[in-house]
Amino acid sequence: QTLTNLIHLDLSHNDLKGSVPMEIGKLTNLQELDLSWNQFEDDLPLSLKDLKLLKKAYFNNNEFKNITIPTSMCTSHLEILKSDCNPSDHNYVKCQCCTHCCLLGTDNCEEVVSSKRSLAIDHVTKKRWRLRGNM
């Protein structure tokens with residue numbers, strides 16, 4: 001039996017390792033997904049595109065290595081998308097629609113303000129960001 005009526009899944013701070021299972025895309029009523037503060041690796045599953053009701057997603061502070069958040073997640077109903085966007089971190093995540101970019105290993109997340117959620121990110125210091133939206 002699947003949990004198709006599940007709307008909030010919080011797996012944060014559980015020391016989970018390996019890949020995010022692609023079956024997560026079967027949770028079609030999911031509105032909030034928190035996978036932060038684990039040790040997930042590899043790419044995010046393409047099945048995330050099936051989460052059409054997703055409003056909040058937290059992928060920050062994991063062990064993802066040089067991945068790209070699927071652009072299919074960049075929908076108008078997505079209110080929050082947090083990830084590790086610091087290009088100087090070895091776990092840099094490319095994200096065109098992130099609303100918050102976090103410094104790996106900390107709760108230091110900078111809000112990204114952009115009407116189109118398409119960003120030009122300039123790393124200023126290891127702890128401070130300057131973010132510009134593309135118009």
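**Exercises on a predicted model**

Lys-49 and Asp-50 form a salt bridge, with 3.3 Å between the closest N and O atoms. The structure is a predicted model.

**Exercise 1.** Determine how many salt bridges the whole structure holds, and state whether Lys-49 is buried or exposed, or in between.

*Solution.* 
Step 1. Side chains of opposite charge can pair when their charged atoms come close.
Step 2. The cut-off is 4 Å between a side-chain nitrogen of Lys or Arg and a carboxyl oxygen of Asp or Glu. For Lys-49 and Asp-50 the closest N and O atoms are 3.3 Å apart, so the pair counts as a salt bridge.
Step 3. Searching the whole structure gives one salt bridge.
Step 4. Lys-49 has a relative accessible area of 41% and is partly exposed.

**Exercise 2.** Find the loop in which Trp-37 lies and describe its phi.

*Solution.* 
Step 1. Trp-37 sits in the loop between strand E3 (32–34) and strand E4 (39–40).
Step 2. Most residues other than glycine have a negative phi.
Step 3. Trp-37 is not a glycine, yet its phi is positive, about 55°.
Step 4. The relative accessible area of Trp-37 is 26%, which makes the residue partly exposed.

**Exercise 3.** Carry out the corresponding analysis for Asp-42: loop, phi and accessible area.

*Solution.* 
Step 1. The loop between E4 and strand E5 (56–58) contains Asp-42.
Step 2. Asp-42, a residue other than glycine, has a positive phi near 65°.
Step 3. With a relative accessible area of 45%, Asp-42 is partly exposed.

Methods:
Residues are numbered from 1 along each chain as its sequence is written. This is a predicted model: local features need pLDDT of at least 70, side-chain atom pairs count only at pLDDT 80 or more; totals for chains, interfaces and linings use all residues. Side-chain values use heavy atoms; hydrogens and water are left out. Buried means under 20% relative accessible area, exposed over 50%, partly exposed in between (1.4 Å probe, protein chains only). Helices (H or I, at least four residues) and strands (E, at least two) are DSSP runs, numbered from the N terminus.
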